[in-house]
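Biologist: I have a structure here and would like to go through it with you. Shall we start with the place where the chains meet?

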2 protein chains.
Amino acid sequence: MLRSIATVSVSGTLVEKLAAIRAAGFDGVEIFENDLLYFDGSPADIRKRCADLGLQITLFQPFRDFEGVTQERLAQNLNRAQRKFELMHELGTDLVLVCSNVNPNVIADDALIVDQLGQLALLAEREGVRVGFEALAWGKYINSYRHAWRLVDTVDHPSLGLILDSFHTLSIDDPIDPIADIPGDRIAFVQIADAPLQKMDVLEWSRHYRCFPGQGDLDVAGFADRVLATGYQGPFSLEIFNDGFRAAPTAATAADGYRSLLYLEEQAGLKGARSKDGQPLFTPPAPPAHSGFQFIEFAVDSTSAPRLAQRFAEAGFHAAGKHRSKDVTLYQQGGASIVLNAETDSFASEFFHRHGLSLCASAFQVDDAARVFERATSFGYAPFSGRVGPNERVVPGVRAPDGSLHYFVDARPDEPTLYEADFVLSAHDSERTQAVQGELKRIDHVCLDLPADTLDTWILYFRAVFGFDAEPAWLLPDPYGLVRSRAVRSADGSVRIVLNASVDGRTSTAQSLHTYRGSGLNHVAFDTDNIFAAVEQLRARDVQLLRIPSNYYDDLEARYDFADGVVRQMKEAHVLYDRDAQGGEFFHVYTEQMDGRFFLEVVQRKGGYDGYGAVNAPVRLAAQAQRKHS
Amino acid sequence: MLRSIATVSVSGTLVEKLAAIRAAGFDGVEIFENDLLYFDGSPADIRKRCADLGLQITLFQPFRDFEGVTQERLAQNLNRAQRKFELMHELGTDLVLVCSNVNPNVIADDALIVDQLGQLALLAEREGVRVGFEALAWGKYINSYRHAWRLVDTVDHPSLGLILDSFHTLSIDDPIDPIADIPGDRIAFVQIADAPLQKMDVLEWSRHYRCFPGQGDLDVAGFADRVLATGYQGPFSLEIFNDGFRAAPTAATAADGYRSLLYLEEQAGLKGARSKDGQPLFTPPAPPAHSGFQFIEFAVDSTSAPRLAQRFAEAGFHAAGKHRSKDVTLYQQGGASIVLNAETDSFASEFFHRHGLSLCASAFQVDDAARVFERATSFGYAPFSGRVGPNERVVPGVRAPDGSLHYFVDARPDEPTLYEADFVLSAHDSERTQAVQGELKRIDHVCLDLPADTLDTWILYFRAVFGFDAEPAWLLPDPYGLVRSRAVRSADGSVRIVLNASVDGRTSTAQSLHTYRGSGLNHVAFDTDNIFAAVEQLRARDVQLLRIPSNYYDDLEARYDFADGVVRQMKEAHVLYDRDAQGGEFFHVYTEQMDGRFFLEVVQRKGGYDGYGAVNAPVRLAAQAQRKHS
């Protein structure tokens, strides 16, 4: 399958775009007319540049408002087409996209349109080019691929084919099953775009909010599956209009685009489709089964290490082991493991140099670490291997989008555990037993602060490599602006990561990006079976909890029925509360910030509650802001 | 008229909000429930804080989903209301906003709803508070103020009134004339919001895109006019949900909000309404009649002055005079005047210190300078007076939103002109005559690069002080992101200013903000009667024009019919072209950037063309980017 992308999908000048598109791995490119108009050189120069790069020009587009017009206008349009066909010869592509007329005065007469498209097909044949006809979702008369196909089928000319676009079909809930009935050789081209579900005008939605497959909510895989079922042999080509992509670095966007096509091929393949052109679809190793975080690892230096260790000790963690060959310490409580890495001349020390005290690595418990590693690298994510001492376990890892490390760890029944292999573990003394029996059981979720333009990159990464689901986004009001928040999670909920990105302004997330000089940890949340006992333990060790205003509890009482004393208990413990539609309950409490950077959360889930208390985030953000500004 | 604003309209913690709201001049404030919940203190603390500031709490809001419910739910809702009424006593306000139910299960039965609202009114009466009922534009059953009024009127209880909101009415095109038939004393409260016209879900539109009156497209003045006609005596209160305001500095937003209410009062007053409570509506001096730019003034130092003078000389400008008392030089061509200000220890030198070579002032020809000055200061814009030498004219000026100066100059038939008074003018030698007879006739428009969050501030400033119209916004694709562009202009078109703000990314506008350390000049455009003669003159003096790709001209030829040779002439001259729906034509050409900062444009308007060639902006932006990156 030839992988293609439209120049409009990435930022930059045409020269920058073509170089980045090729570097990302694409074989083909659609030349968007505006990019050609803005290019200071001839169409032949573009042809040569693409040829030198090894890029095929798969399509020239768009040609607008051709059909359903008066005879006089038709003559003008055919003349205009003639000029563009000549340009296509120079450009070195034989396919042009004609999109359905959006003019309010379009003549709604299928017979007339068939005649006019027929004339265009004859002209194309004479000029040795092909026309692909596409229904825009907001076309004035033709807005469905089924209508466009009836017309193309009736014209029945080899120089006129149908162009399909996943967005134009899925955005208007046009049924996708009939696609499979179209002969594959009559489909001239297929464009691919995803989008987040939004209640808005479809034209505005298309022009500003498209995204790569795997980043949005549309059933692009189902669409691709139906297309492949037709025997279609041509390219899948990304055509993404996205305000963020227009402003984002060219190379990174192109790389994500290529990965998203790989992901789409796999997803479509999972639904049973297979490419029939001999080129197999992308079939990476299967995504992992998850069973939780193995550990999270902080980059520290000799100054911050004891300070951070002290804070985790106060939270009930126990110094469980020292690494055999490195200046690395393990802290544990229940099933939660924290690693502090103070090794000099290492990845962690480089990370510390760049970001200060920060989360430099996370390790995930999976069914088969080697397979996940292979999966990640097959999507083009960069492998990482650090120094390994004698008899220590080799842990496969890749670079996450922020440059931190993600390790994959599998259970090996016949071998020492990772900790046994790599660490000198503390004796099971009474102190340790007490800590392991503390109220914090495991890592519930980790929350990261990200630059706004990287959120989609992370979503694609977690979906593609980890097989995570992405939940709908929340817009959280911070006192100084909005924060977009989106959670990803394993199907079983054992691994959850919340991604926060500041829309703009002076939010705590925006400040965090300054503090860390890049992405950074917002907070880490631990599970407990008893939130009030956990708070008592924290307070016994003088952990400062984030103070929640009493007005919040008065409102809770007005909104819900509680057993006597529960609200008073929550109020005294500064515990926040949420309840889902099924009656599931969520209790959570925050510590004050550690080291001016991140904080801890303790959560208790009851009755299948599956969220993160996002309704309470504004209370928390306001309380944190009041702490800073008071 | 009491001027009020809802706490949700500005950023910050509640403490910051209240202080800024008072400082801006408001007499009243609506306490949004979330701000109360997030406040770390009691409702009585808020009451005291407001009292100390001299702010009246005009309203507590919102109370949701009360009416059209089952008997069981009604009991819960009345209990919830009871709690909130008690809270209102502590808070010190007697009015609560109840907004129409958005629950899909609302019972659509007017008789039932009248009964339930009646019970709420009785409870309110017992508690000594009042309820205002408001129809949300997206209310499930009640979404029009007319429906809400029928219900309130039927209940007919003094503790239940109607709340009107300009957005909820105007956003759904609800007719505003029937407002005038409602008895003013039955209107409990009036909320005010404007919004730009957008094709989107009305709830999303309301939650994210509201703006202050004078910044959007709704007929808020017409709405206010009908409200005042009822004899309504209560506050006008701004309730603005705006993503940008949430992130913008609190004090500046509050100040703009107050000005926008003044502007609204004037606009409503112009439509014939008068407040009947004895407090006159705001009646500033009338806006000016305009007749063009008097001059634009650059802050320069001894190094940049000769360099810039040289560039303007190349563009055909003549050194027309030296200031009598300052190191200030006047350059002229036709009716266009440029001032270079190198005076040390002056406003200009401070401006240069801050922004480098930059536009530090603009002067506008108006019918009555003193009146415009008084108008500007009555809206709270800061006056400016610089040093004035003996016999020099005192020119009234105010600070524009970026800190630069806007001077107002009127024609005084019996006095020396401003230039005669303040400058030693060059003799009318042949050189000067030639320059005055150059091809550039006058300043057509000035284009500024602004921080994104100040665009609305400028729109309000130009509408309020100058009486300008604001044209619809354009989104211009720069190769590295989108630029929002909106033009303001005098009714006669003699003064036009284009405001550009980068949505995000690495656009030339975003870069400009770095270069200038703040807002700055993007370009200044001069009118000509003969674009090709103007280009010839520029080239004769070796002015470098921005090179436009030849593909652009091939496309022009495919799109339009031109007389033979015209396109070739444009292509050779690097002249861009636009045509409006009425056949009006626009020819324009750009110079290369001056001093890495701004550039000049020469434009020719034909047949009543009234725009700025925005369709060509992407070509220009791409050409400029290619220049920088090649």
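Modeller: Before that, note that this is a predicted model, in which local features need pLDDT of at least 70, side-chain atom pairs count only at pLDDT 80 or more, and totals for chains, interfaces and linings use all residues. Residues are numbered from 1 along each chain as its sequence is written, chains are lettered from A and ligands numbered from 1 in the order in which they are written, and side-chain values use heavy atoms, with hydrogens and water left out.

Biologist: How many residue pairs are in polar contact across the interface of chain B and chain A?

Modeller: A polar contact is a pair of N or O atoms within 3.5 Å; within protein, one must be able to donate a hydrogen and the other to accept it, and residues adjacent in sequence count only if both atoms are side-chain atoms. With both residues at pLDDT 80 or more, the number of such pairs across the interface of chain B and chain A is 26.

Biologist: Which helix of chain B gives the most residues to the side that touches chain A?

Modeller: Helices (H or I, at least four residues) and strands (E, at least two) are DSSP runs, numbered from the N terminus. Several elements of chain B each supply at least two residues to this side, including helix 4 (71–91), strand 21 (481–489) and helix 20 (550–559). The one that gives the most, with six residues, is helix 22.

Biologist: How much area do chain B and chain A bury between them?

Modeller: Contact means heavy atoms within 4.5 Å, and the contact takes 49 residues from chain B and 49 residues from chain A. Buried area is the accessible area (1.4 Å probe) that two parts lose on being put together, summed over both. Of this area, 54% is on carbon and sulfur atoms, and the total is about 4,200 Å².

Biologist: Which residue forms a salt bridge with K84(A)?

Modeller: A salt bridge is a side-chain nitrogen of Lys or Arg within 4 Å of a carboxyl oxygen of Asp or Glu. The rule finds four salt bridges across the interface of chain B and chain A. For K84(A), the closest N and O atoms are 2.7 Å apart, and the partner is D555(B).

Biologist: What kind of axis relates the two copies?

Modeller: Copies are superposed by least squares on the C-alpha atoms of residues with pLDDT of at least 70 in both. Chain B is superposed on chain A by a rotation of 180 degrees with 0.0 Å of shift along its axis (RMSD 0.0 Å). The copies are therefore related as by a two-fold rotation axis.
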